[in-house]
Amino acid sequence: MPKAKQKKQQSLHKRHSDLAMANKQLEKLSNGIFASGELPTFSEKIKETDQFPLRPNKLEILQINVGYMCNQVCEHCHVDAGPDRKEIMTRETMEQCLEVIRNTGAHTLDLTGGAPEMNPDFRWFVDEASKAGIKDFIVRSNLTIIRANKKYYDLPEFFKSHNVHVVSSMPHWTRGKTDKQRGEGVFDLSIKALQELNAVGYGMPDSDLRLDLVYNPSGAFLPGDQASMEKDFKKALLEDFGIHFHNLFAITNLPISRFLDYLIASENYEDYMYSLVEAYNPAAVKNVMCRNTISISWDGYLYDCDFNQMLELKVASKIQHISEYNEDILNNRKIIISQHCYGCTAGAGSSCQGAVAN
Amino acid sequence: MASNNYYDPADLRKFGNITEWSKELGEKFFDYYGKVFEEGALSAREKSLIALAVAHTEMCPYCIDAYTKDGLQRGITKEEMMEAVHVGAAIKSGATLVHGVMMMNKVNKLEM
């Protein structure tokens with residue numbers, strides 16, 4: 001079995017890179033072409049269509065980040081996740097989350113990371129959370145974790161026994177593009193993991209065990225049409241490896257953290273921001289995910305989305321922690337925005353559930 | 001602003017500005033252009049590869065820039081892109097070589 005090797009073994013945090021700091025990223029996103037007026041800021045842009053300030057609609061999704069530790073060090077990772085990240089949600093914070101999960105009006109629970117499976121209390125938490133009767137229970141699995149260590153080999157069965165909806169990353173149906181973004185050997189391990197998920201029923205036509213894939217472009221360009229990409233992925237993965245899956249979510253890379261670092265280092269930053277602004281679609285703002293989601297960090301703080309979490313932009317509300325959670329008060333907040341938000345409003349829009357505008 | 005180069009990558013972003021000096025013709029062109037690249041008897045993916053090949057035979061830097069990016073966005077692989085460029089190159093060189101027949105005809109006519 002091939003072992004996944006990463007090109008860059010360390011997170012920006014471990015490397016003490018300037019861009020590991022949220023304020024440095026926000027500075028970059030507010031200066032240059034945006035400060036000079038060459039491009040409009042996101043708030044100026046949404047003002048054009050009277051969508052400022054951005055406010056939440058009905059809460060539908062609780063997204064919980066159970067820790068930034070990951071077995072991979074993907075080049076585009078907005079979390080700056082990796083084996084060297086030690087931020088992990090404790091059982092105490094999980095208990096507080098469970099209290100919220102039992103009482104929320106949200107219909108979807110979405111666990112993410114890092115690799116959420118690496119949290120030592122992951123299985124206990126899934127066990128407890130699945131009893132709350134939430135309609136759609138998502139775990140974002142990077143696939144290779146299933147093959148990373150013997151203790152994870154039974155994850156497909158574990159997911160199945162809890163009727164978990166598995167959402168996994170797959171940047172391309174070819175080895176070269178996938179390994180370039182996610183690390184050498186990742187493609188082969190991911191294929192093996194997908195076959196194992198298929199073997200227990202995940203992703204099979206007519207199966208209730210949902211298996212969806214996430215596509216992120218492997219470079220400084222935007223994702224193409226989600227439906228066409230899904231067709232191409234399905235054809236290639238079935239023909240080459242006999243793999244089935246349900247839906248493909250095309251997600252735009254947001255210019256923060258490691259992807260921002262890549263954009264700057266490859267001298268693509270300005271062109272990429274131009275592409276995002278040129279592709280701005282006011283219809284996508286209507287359904288942008290921060291309007292129906294609350295993101296909870298490993299230490300229990302609340303954010304408008306996982307990206308704002310990484311930029312350390314807590315919700316603009318007197319309620320900022322899971323221990324004092326109140327959905328009504330939270331729903332009255334103004335959503336915090338900056339130029340990274342253009343990533344969610346380009347073209348057909350982008351969210352953790354894929355495109356948002358048709 | 002005039003630059004010191006005939007070609008400036010930033011000019012590609014200004015392509016739409018051509019409507020400013022001739023609104024009707026510019027808009028008609030962009031409507032037509034948009035329509036051409038829609039899904040039709042040929043898929044938008046196939047059209048993107050044709051555009052990339054033609055971009056090379058026309059040696060248009062703007063078009064090469066635009067359709068390389070367009071191809072990546074559509075998930076087109078670099079092997080597919082290079083094959084498309086070879087199709088363009090083959091037609092270009094074929095077009096040169098087929099004129100060799102003209103030369104042969106002329107030689108045959110003039111020589112005793």
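Predicted model: local features only at pLDDT ≥ 70, side-chain atom pairs only at ≥ 80, totals over all residues.
**Entry 1: the α2/α4 pair in chain B**

Helix α2 of chain B covers residues 44–57 and helix α4 of chain B covers residues 78–98; I read a packing angle of about 50°, with the axes 8 Å apart. The two helices are therefore oblique to each other. I also noted the hand of the crossing, and α2(B) passes α4(B) in a right-handed one.

Next I listed who meets whom. From α2(B) come Leu49(B), Leu52(B), Ala53(B), Val54(B), His56(B) and Thr57(B). Their partners in α4(B) are Glu80(B), Met81(B), Ala84(B), Val85(B), Val87(B), Gly88(B), Ile91(B) and Lys92(B). Sorted by class, this contact has nine nonpolar, three polar and two charged residues.

**Entry 2: just past α2 in chain B**

Is Met59(B) buried or exposed? I found 10 other C-beta atoms within 10 Å, so Met59(B) is exposed.

**Entry 3: where the chains touch**

I then turned to the contact of the two chains, which takes eight residues from chain B and eleven residues from chain A. Which helix gives the most to the side of chain B? That is α3 of chain B, residues 61–73, with three residues. By class, I have one nonpolar, three polar and four charged residues on the side of chain B that touches chain A.

**Entry 4: two helices of chain A**

In α4 of chain A (residues 122–130) I marked Phe122(A), Phe125(A), Val126(A) and Ala129(A) as buried. Looking down the axis of α4(A), I see these buried residues within an arc of 100°, so they line one face of the helix. The spacing makes sense to me: an α-helix has 3.6 residues a turn, so residues three or four places apart point the same way. Among the elements covering the buried residues of α4(A) are α3 (91–103), β2 (108–112) and β3 (136–141) of chain A.

I repeated the exercise on α7 of chain A, residues 175–182, where Thr178(A), Asp179(A), Gln181(A) and Arg182(A) are buried. Their arc around the axis is only 165°, which puts them on the same side of α7(A). The cover over these buried residues includes α8 (186–199) of chain A. Just after α7(A), I noted that Gly183(A) has a positive phi of about 115°.

**Entry 5: loops of chain A**

I looked up Pro53(A) in the loop between α2 (42–47) and β1 (61–65) of chain A. The peptide bond leading from Phe52(A) to Pro53(A) is cis, with omega near -5°.

Asn163(A) sits in the loop between α6 (155–161) and β4 (165–169) of chain A. I read a phi near 50° there, a positive value in a residue other than glycine. Asn163(A) has 12 C-beta neighbours inside 10 Å and so counts as exposed.

My last stop was Cys290(A), in the loop between α12 (282–286) and β7 (293–296) of chain A. Is this cysteine, Cys290(A), buried or exposed? Cys290(A) counts as buried because it has 24 C-beta neighbours inside 10 Å. Leaving out neighbours within four places in sequence, I found Cys290(A) in contact with Asp304(A), Cys305(A) and Ile335(A). I also checked Tyr303(A), which is 13 residues from Cys290(A) in sequence and 8.8 Å away in space, C-alpha to C-alpha.

Terms used. Residues numbered from 1 in each chain as written. Chains lettered and ligands numbered in written order. Helix = DSSP H or I, 4+ residues; strand = E, 2+ residues; numbered from the N terminus. Buried ≥ 20, exposed ≤ 12 C-beta atoms within 10 Å, placed from the backbone. Contact = placed C-beta atoms within 7 Å. Arc of directions from axis to C-beta. Nonpolar A, V, L, I, M, F, W, Y, C, P; charged D, E, K, R; others polar. Axes fitted to C-alpha atoms, helices over the stretch in contact; angles between N-to-C directions. Parallel < 35°, antiparallel > 145°, perpendicular 65-115°, else oblique. Left-handed = near helix turned anticlockwise from the far one by under 90°.
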